Amino acid sequence: MATRFAALAKKPHKYHAQKTVVNGIPFPSKAEAQRYSELLLLEKAGEIRALGLQPKIPLTVNNRIVCFYIADFIYTDKNGERILEETKGFETPVWKLKHALFRACYPERKLFVLYVEKKRRNNETRFLAVQ
């Protein structure tokens with residue numbers, strides 16, 4: 001019985017993401033960890049401040065909380081605006097629905113979605129930003 005559970009624990013991620021740790025913080029994918037490292041450098045350089053992880057935003061319809069939108073990052077830019085950021089390698093149907101709900105509930109909030117573009121030759125990861 002124990003071997004059965006051990007085999008389940010080692011099962012690969014559904015979307016082939018590799019868990020990565022940066023500064024003792026686990027991230028569900030290499031791309032998200034890489035973006036966190038970039039944001040840390042931006043914070044150190046004074047380009048952004050108040051960097052936070054996994055902000056939980058309630059999505060309310062008819063005064064009832066339907067679900068929560070959990071972005072990857074939140075920070076304040078040089079203009080004092082709070083920015084939410086998502087790192088996406090793959091859009092799931094649940095994410096598409098929550099993203100649409102978020103846009104409907106908070107049309108004034110800035111949310112940047114960074115799509116991962118992976119180069120096969122040198123395994124380099126680039127981000128394509130969409131607001």
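Reply: Let us start with a term: a residue is buried under 20% relative accessible area, exposed over 50% and partly exposed in between (1.4 Å probe, protein chains only). The model is a predicted one, where local features need pLDDT of at least 70 and side-chain atom pairs pLDDT 80 or more, while totals for chains, interfaces and linings use all residues. Residues are numbered from 1 along each chain as its sequence is written, and side-chain values use heavy atoms, leaving out hydrogens and water.

First, the overall layout. The protein has 3 helices and 9 strands (DSSP runs numbered from the N terminus: H or I of at least four residues, E of at least two). Read from the N terminus, they follow the order α-β-β-α-β-β-β-β-β-α-β-β. Of the 131 residues, 31% are buried.

The part I would pick is strand β6, residues 73-77. Is this strand enclosed or open? Here 5 of the 5 residues are buried, so β6 is largely enclosed by the rest of the structure. In a regular strand, side chains alternate between the two faces of the sheet. You can trace this in β6: F73, Y75 and D77 point one way, I74 and T76 point the other way, and all are buried.

Now look at what lies alongside. Strands pair if DSSP finds at least two bridges between them. On that basis, β6 pairs with strand β3 (residues 48-53) in the antiparallel sense, over 4 bridges. To find this pairing in the picture, look for L53, whose bridge partner in β6 is F73. β6 also pairs with strand β7 (residues 82-88), again antiparallel and over 4 bridges. In that pairing, L84 of β7 stands opposite I74. The β6 and β7 hairpin has 4 residues between its strands, and G80 takes a positive phi near 85° there.

Side chains of opposite charge can pair when their charged atoms come close. The structure holds 5 salt bridges, each a side-chain nitrogen of Lys or Arg within 4 Å of a carboxyl oxygen of Asp or Glu.

One of them joins the side chains of K78 and E47, at 3.4 Å from N to O. This pair links distant parts of the chain, for K78 is in the loop between β6 and β7, E47 is in the loop between α2 and β3, and they are 31 residues apart. K78 counts as exposed at 59% relative accessibility, while E47, at 35%, is partly exposed.

Elsewhere, salt bridges that share partners join R35, E38 and E85 into one network. Within it, the side chains of R35 and E38 meet at 3.0 Å, N to O. These two are 3 residues apart in helix α2 (residues 30-44), so about one helical turn separates them. R35 is buried, with 13% relative accessibility, whereas E38 is partly exposed at 27%.
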